[in-house]
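Biologist: I'd like to go through this model with you. Can you show it to me?

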Amino acid sequence: MTTTHAARPIPEPAASPYLTGPYTPVDAEVDVAGLETVGELPPELEGSYLRNGPNPRFSPIGRFVYPLDGDGMVHEVQLAGGRARYRNRFVRTPALLTEEAAGQALWAGITDAYRPGEDLVGPALAGTVRDLPDVNVVRHGGRLLALAESKRPFRLGPCLETLGPDTFGGNLPAGITAHPKIDPRTGEMAVFCYHLTPPFLTWTVIRPDGTALRPTPVEGVDRPGLVHDMALTEHYLVLVTAPLFFDLGQALAGGSLLSWEPDRGTRVALIPRDGGPVRWCADDTFWTWHSANAYEADDPGAGNPVVLDYVQWDAPAGLAPGRTGPGAGRLTRATIDPAAGTVRREQLSDDDVEFPRIDDRALTRRHPTIALTGDSGRPRLHPEAADTLFWFDPRTGATTRWTSPDLAVGELAHAPHPDSDDPDDGWWLTFATHRATGGSWLLVIPAADPGAGPQARVRMPVRVPLGLHGTWLPDHPGSRLTTTGGTP
Ligand SMILES: [Fe+2]
């Protein structure tokens, strides 16, 4: 929207539980080597763990809707030879640079109708929606990208410096969403993007060398809606389109930009990677933020269905008007019949979870373990912060858990053993923050026995707020450890 350029009062400061406790933003950017480690870092674990997340540079104004709002901050822990180094950097968008020059927040939340005028941000940025590359960080085709919800990503340099927005040679001017999927067999990265104007949903593929093909509209979408994640199989992109729509009229009247319409049902799009016609499968209404993985079951008698494992919610907590609580996320399996257009769903576990992750080498194929972050059900100092890590085995239905009485924990990422194809020879990594002291750690958990908890904890030199998504890069250029470093 670019219609509210006139000078208007800057909205009041935002209030949100996601600005407090272990979510409290930090403003220091540091680079520190020789981090203290409790336990022993595996010598084979060499590379960088990177994680992005909302970290408002200044006190937010207007609405602050987690996880959509906030400035991006990427945290990196480099591991080599049993030693560790940390750095963090803001993702500096034009809006953030403008706010830093002003010394205060000038943009309100993304669901807020307020847009700053020319008097505050100059003619080039007046009336704009700011970039929000605060959701994920991925590397593909020579690019290290901080990813936004559905907007242009920002490219980062080897020391996390912001190089600028990336439109993939101009082929993707509208950008991509924050959860592309890389096919480990072909090296292609499948991406999608949603738009407020037709075509409302598009997809494409970025080749291993970073060349982007022009986006293709997804047929059969007649309203703009929010789709956060996708899954990928050998032959399909899998998009779950729940009835969370953008409503510009409502937003311009001072209401929410988003409208949850549960009577409309949820549909799953199977988009053939070869460009064939989209197969839509209709179902009752449910919501999902994140998928774990999808694959094509080799079961000709059942129509070779697509199996999608994901975390299901009744509604998008925080975005659905009238919802009073956060609800609960349940690991769920959808079996989708492309020919019949049907979806059969089965809850896999009773645990309250989010952030499903697998060993990314199994993407598009049957996965052995789903790692999740969630809730033990025990009272906690900060009710929004997860206290338990879960590992679900789809083959047996068994769950392994690790709960810390002291730590708020984030999403897990799998780091493979460099000499093994067995995911259990690798490790699971996440940041965790002590609920009382605010001190943060990188946890290194052996995949072979995750219930035993971390075999090593690396103390972070600054608090790492709970955030969103991360990745393990075994050969990231920044992973070369030096002994220089220190707080700037
Ligand atoms: Fe996400």
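Modeller: Here are some questions and answers on the metal site and on one aspartate.

Modeller: Mind that this is a predicted model, where local features need pLDDT of at least 70, side-chain atom pairs count only at pLDDT 80 or more, and totals for chains, interfaces and linings use all residues. Residues are numbered from 1 along each chain as its sequence is written, and side-chain values use heavy atoms, with hydrogens and water left out.

Biologist: What makes His179, His228, His290 and His469 donors of the iron ion?

Modeller: Donors are N, O and S atoms within 2.8 Å of the metal (3.2 Å for Na, K and Ca), and water is not among the atoms, so sites may look incomplete. The NE2 atoms of these four histidines lie 2.0 to 2.1 Å from the iron ion, so they qualify.

Biologist: Why is the arrangement of the four donor atoms called irregular?

Modeller: Four donors count as tetrahedral if all angles lie between 85 and 135 degrees; four count as square planar and six as octahedral if opposite donors are over 155 degrees apart and all others between 65 and 115; anything else is irregular. Here the angles run from 90 to 165 degrees, which makes the arrangement irregular.

Biologist: How do you know that histidine 228 and histidine 290 are buried?

Modeller: Buried means under 20% relative accessible area, exposed over 50%, partly exposed in between (1.4 Å probe, protein chains only). Histidine 228 has 4%, so it counts as buried, and histidine 290, at 7%, is buried too.

Biologist: Why is aspartate 71 called buried?

Modeller: Its relative accessibility is 6%, so aspartate 71 counts as buried.
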